[in-house]
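Let's take a walk through a protein, starting from the inside and moving on to its charged pairs. Have the sequence and the 3D view ready.

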Amino acid sequence: MKRWFGVAASLLAFASAAGAAPSVLVHVNQVTLERLGPKAAIVEYSGSQSAGSFVVLKEGETVQSGSLVALPEFTEWGGGRKYFRADFSALATNGRYQIAATLGADRATSAAFSVADRATFATPAAALLDYFKANRHTQ
């Protein structure tokens, strides 16, 4: 009986640890960003560090780097977390990128996103046309 209790306790501890929120999250517009417009990511952090850095990656290679800028405290996304801004507006080359943020020993990488010309019209407009075409009623 003691053996089964130990196994059950171990599984419960493992499941709890696996479900814990990561200490760093990188939020970025995954639809697209304008090549000539402002570009920034928000880094959400639950640790004790008060400063960090970020890199912009293209195909795994660093193309830009910078320091995270602390944002004023707010609780709209829940308490106990810090937020930082990673401004990469100087990036002016079309392509697919990711942002990797580091705070102390904690690191996270964003989902991939695109930077392109006329992106805020072209990307949603194409998706909208596809939607209407797929949902039109014809006999």
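The largest nonpolar core here has 21 residues, and V43, L68, F88, I99 and F113 have the most contacts inside it. A nonpolar core is a set of buried Ala, Val, Leu, Ile, Met, Phe, Trp, Tyr and Cys residues joined through side-chain atoms within 4.5 Å. Buried means under 20% relative accessible area, exposed means over 50%, and partly exposed is in between (1.4 Å probe, protein chains only). β8 (95–103) gives the most to this core, with four residues. Strands (E, at least two residues) and helices (H or I, at least four) are DSSP runs numbered from the N terminus.

Keep in mind that this is a predicted model: local features need pLDDT of at least 70, side-chain atom pairs count only at pLDDT 80 or more, and totals for chains, interfaces and linings use all residues. Residues are numbered from 1 along each chain as its sequence is written, and side-chain values use heavy atoms, leaving out hydrogens and water.

Now for the charges. You'll find three salt bridges (a side-chain nitrogen of Lys or Arg within 4 Å of a carboxyl oxygen of Asp or Glu). In one, R35 meets D117 at 2.6 Å, N to O. This pair links distant parts of the chain, 82 residues apart. R35 is partly exposed at 22%, and D117 is partly exposed at 30%.

R81 pairs with E44, with their closest N and O atoms 2.7 Å apart. R81 sits in the loop between β6 (69–70) and β7 and E44 in strand β3, so the pair ties together parts 37 residues apart in sequence. R81 counts as buried at 16%, and E44 counts as buried at 9%.
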